[in-house]
There are 4 protein chains.
Amino acid sequence: MSTQKDTISLLISCPDKPGIVSAVSGFIFKHNGNILESDQYSTNQHDGSFFMRICFAEDTFQLGEGELGEAFQPIATQFQMQWTANYSRRRKRVGILVSKYDHCLVDLLWRWKIGELAMDIPFIISNHPDLEGLANMYDVPYYHFPVKRATRQQDEQRMLDFIGAQADFLILARYMQILEPFFVEAFPQRIINIHHSFLPAFVGASPYDQAFKRGVKLIGATAHYVTNSLDEGPIIAQDVIHCDHRDSVDDLIRKGRDVERRVLAEAVRLYTTDRVLVYENKTVVF
Amino acid sequence: MSTQKDTISLLISCPDKPGIVSAVSGFIFKHNGNILESDQYSTNQHDGSFFMRICFAEDTFQLGEGELGEAFQPIATQFQMQWTANYSRRRKRVGILVSKYDHCLVDLLWRWKIGELAMDIPFIISNHPDLEGLANMYDVPYYHFPVKRATRQQDEQRMLDFIGAQADFLILARYMQILEPFFVEAFPQRIINIHHSFLPAFVGASPYDQAFKRGVKLIGATAHYVTNSLDEGPIIAQDVIHCDHRDSVDDLIRKGRDVERRVLAEAVRLYTTDRVLVYENKTVVF
Amino acid sequence: MSTQKDTISLLISCPDKPGIVSAVSGFIFKHNGNILESDQYSTNQHDGSFFMRICFAEDTFQLGEGELGEAFQPIATQFQMQWTANYSRRRKRVGILVSKYDHCLVDLLWRWKIGELAMDIPFIISNHPDLEGLANMYDVPYYHFPVKRATRQQDEQRMLDFIGAQADFLILARYMQILEPFFVEAFPQRIINIHHSFLPAFVGASPYDQAFKRGVKLIGATAHYVTNSLDEGPIIAQDVIHCDHRDSVDDLIRKGRDVERRVLAEAVRLYTTDRVLVYENKTVVF
Amino acid sequence: MSTQKDTISLLISCPDKPGIVSAVSGFIFKHNGNILESDQYSTNQHDGSFFMRICFAEDTFQLGEGELGEAFQPIATQFQMQWTANYSRRRKRVGILVSKYDHCLVDLLWRWKIGELAMDIPFIISNHPDLEGLANMYDVPYYHFPVKRATRQQDEQRMLDFIGAQADFLILARYMQILEPFFVEAFPQRIINIHHSFLPAFVGASPYDQAFKRGVKLIGATAHYVTNSLDEGPIIAQDVIHCDHRDSVDDLIRKGRDVERRVLAEAVRLYTTDRVLVYENKTVVF
């Protein structure tokens, strides 16, 4: 992995019209960038939207970080683009929030340590002290921020103040508190949650109990952006596992752990490699 | 397949208490039956329920069809069993209801013809004439029973009168009408429907449109018993297939066809081989 | 489906160097084509290879079929491209070869009839007469070409002479004869076979017997191009299904039918929508 | 999990004949055992074999550990049974062998720690010192046993002497040395290996390189008992994951880690819960 070249990924959203691919790829070529991956999606409707990810090697590209924005601006203006340029060597800073369940955190930390997830982890925050030992194993700072029903607003404000500009985005790795709207709005489309069901089935609390009661033959997990509608944000990744009448709620929880951690890790991998765009309440995953 | 021996399958539900397996297997052994498969499930709770399927060869069994019931009754009474004896050589008579979509019907008829589904099909009923040609290909009688909103009660009553005692159970192979309560009650736990979503997600009409709008990354299908709560009957089988932002509603429909027919066929196979028991609103599938 | 616009898909293979995407997309834009899909892959090695599929709407494109080749040639020459232009309205002509098993043929014909596979089927050829009735159901001409061990060369030559220029590619839908080298060479990378195992496991005859004997916990199917190395051609699609000790060889065959037909249909869909490129002994599937 | 009752599981293999289920379940009932699970399998052939797992609660069972064997012996003799009685409260002692890759070890240790795998781990042995820190995190003794080509026999003998009677079975959690026959024979059907391919595809070294070269569309992992035929022992569990042309060997390795650890953990769970029987070169997994 360490031998991979540094790359620049442009993520672009704009109204669909002819010439975008040509303009963007022409721009990169003109400045000597070698395109490594290019993917696009158009909603193909009247008044449609266009989405693009184009990834090119940084080493031969002739524009520096400061110059790229200025040079690309005419194209961006012409096509009314929203766009970001993402440098692979600028690892995303990812804060992790947890409660007591450790399976997602264990998995994220291990994948991060072996280089599978290219990111920095400035902190782990929890409303419980339980997982501090795990954080210590991986030398990641752990902060205990208790959250009480009566003081939730202030508790979360303190947390937000602490986070400040330390993190580019947040992962709720089975963080069992519902975040206040002001908190969510501080990280628009930059908080990923793992919900332990195949959404939109079993929204809300205790999805495995709900699944057991309904007698489903599959259980799942959903990684999605957090919005202020409970469990209704844009879905990034989902997967399922088979179950049957023999599975108790405990068995569903056990099986679910495997799906949850896999789905969350996949969503984080997609996000940190700049592959996720949002439109309406959905994601485009390149 | 044709070389398989005739078998008898006992399906048993009763309160859980020690000695059931011993009593049932002892009974079969005493009358010279050779047990081929035996499966059981207990809810393992206080005041729990016990479910059993035990399948044995008919050829060496010394009790005739008329005698089995009487001989087994003392055990059934002792353990307060609800039970049925199912003879594999008595193929279930399965009526199929369809509308215009042919994918489930095509699949059922083909599997039936090659011997994968051991059943008889006395009739296909549809509220449209479209699939008559398909029924003719397989020499199955096809009856067109139009159903109109204003006369639904009478229309369904006519259908029910026609069916009479011709069928042991019914398959709704994408039959696009909601059945009236009196119709459903005429076939308790004997109507299987295929719903084109992973229930309980996307109950009701147009699940693929709902799935597209929600931006899910998996779509599914659910085969379940029909009850008078829409799409809430006991689930027999479910499966899913991956999808992504590129999939239009038409693509979801295309992918969904494959899952629907597979899940429905599996549910029918399980039912016709006497592997499904119902409790609460769930199934035990042996 | 019927509302989809006519498209042109360029399939391109060439040595990897900067500027290809820009040149191709610039060319399409210049002639007023609206790019609908674009995908590329580079082997990213020293002396690497580059593969591209770019699909654009035909209606606004200003070059006619005769003109496209000439106009594109300078770019093709500059980058040493091997390339084809595929018009969606020119449906591929697909000949099907079968023996006695009907499951793949049933599935292909049904998918074709409902418009899921955009192709024409000029003929079905079989070394047995058994499936003629099925072909008749779908009004596809069926030809019985017996193949005998002693006269295989002549038998296959007769078949090849009959096929002539009637077909763009061939599907072996469980055709149980090994084709002679001269026959395979007449359709280079234009014969798709379905092998009833997860290749490279269980090459050759009776893979389900081999799988049963080995006690695997999954069985699979592989759609691949036919080459003159048995079961070793480039793989297009593969899938598996779980099995266990209870599955007899007959059960594996039953489960396998579902996987085989699904995998073959997927490979045919990919091929007929111009999504498959070959390099070394592998495929790039866009 | 901790609230689960202690159980006794009988694992039985014998020639198939009528009366086995009746005799065993009658025996358990007579001594006041409450059967919780019962599963059986018969090869259903002339001169067939019969396999059974029957699990009952220990608390009400009237025979002590010393008495069970004697009391059951007449039945065992009558049916020529090979059998074991497994007490859930006697956790299996599982030694783990590793080399440098940590993903399987990380996963096993975590599952063990949270109680998902009911076993004791008396030691971790490695031919490298690298994973000692990980072992320390979980307070499991770690022993470095270098193995050199020239002294392999002696090196392995030293290892075997060390192990002695400390372990009931061994897990090769990506242990990258081939064990000598004498070592394997010391643990017949009691060494589980994880092979990083879908066996029998890609036997031997570097299966991901082989898979990449062959261009497969799925990669897999296989947990199997170690025998003295390389990668040919009885298979316990297998699974796969999709891949495509974009996946480099490094990507296959990354994806493979997820499958490997999941499949190995599942095999260990099955083994430690007394669900695996071996016959011919296959497993029966109850």
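**Burial, salt bridges and the A–C contact**

Author: Just after H3(C), Gly115(C) takes a positive phi of about 90°. The model is predicted.

Reader: What makes helix H3 of chain C count as mostly covered?

Author: Of the 11 residues in H3(C), which spans 103-113, 10 are buried. Buried means under 20% relative accessible area. Among the residues in that class are His103(C), Asp107(C), Arg111(C) and Trp112(C).

Reader: Why is the pair Glu65(A) and Arg90(A) called a salt bridge?

Author: The closest N and O atoms are 2.8 Å apart, and the cut-off is 4 Å, so the pair qualifies. Glu65(A) lies in helix H2 and Arg90(A) in the loop between strands E4 and E5 of chain A, 25 residues apart.

Reader: Why is Glu65(A) called partly exposed?

Author: Its relative accessibility is 34%. The class runs between the 20% limit for buried and the 50% limit for exposed, so Glu65(A) belongs there.

Reader: What makes Glu260(A) and Arg174(A) a salt bridge, and are they buried or exposed?

Author: The N to O distance is 2.7 Å, which is within 4 Å and therefore meets the rule. Both residues are buried. The pair links helix H8 of chain A to the loop between strand E9 and helix H6, 86 residues apart.

Reader: How do you know that Arg93(B) and Asp168(B) are partly exposed?

Author: Arg93(B) has 31% relative accessibility and Asp168(B) has 24%. Both values fall between 20% and 50%, so both residues take that label. These two also form a salt bridge, with the closest N and O atoms 2.9 Å apart.

Reader: Which residues are joined by salt bridges that share partners?

Author: One network joins Asp107(A), Arg111(A), Glu116(A), Arg257(D), Asp258(D) and Arg261(D).

Reader: How many salt bridges are there between chain A and chain C?

Author: The count is zero. The rule does find one residue pair in polar contact across that interface. Strand E2(A) gives the most to the side of chain A that touches chain C, with six residues. By class, that side has five nonpolar, eight polar and three charged residues.

Reader: How do you know that the copies meet through the same surface?

Author: 100% of the interface residues of chain A are also interface residues in chain C, so the surface is the same. Each of these chains, A and C, gives 16 residues to the contact, and the buried area is about 1400 Å².

Terms used. Residues numbered from 1 in each chain as written. Chains lettered and ligands numbered in written order. Predicted model: local features only at pLDDT ≥ 70, side-chain atom pairs only at ≥ 80, totals over all residues. Heavy atoms only, no water. Contact = heavy atoms within 4.5 Å. Buried area = accessible area lost by both parts, 1.4 Å probe. Salt bridge = Lys/Arg side-chain N within 4 Å of Asp/Glu carboxyl O. Polar contact = N/O pair within 3.5 Å; in protein donor to acceptor, adjacent residues only side chain to side chain. Helix = DSSP H or I, 4+ residues; strand = E, 2+ residues; numbered from the N terminus. Nonpolar A, V, L, I, M, F, W, Y, C, P; charged D, E, K, R; others polar. Buried < 20%, exposed > 50% of the residue type's maximum accessible area, 1.4 Å probe, protein only.
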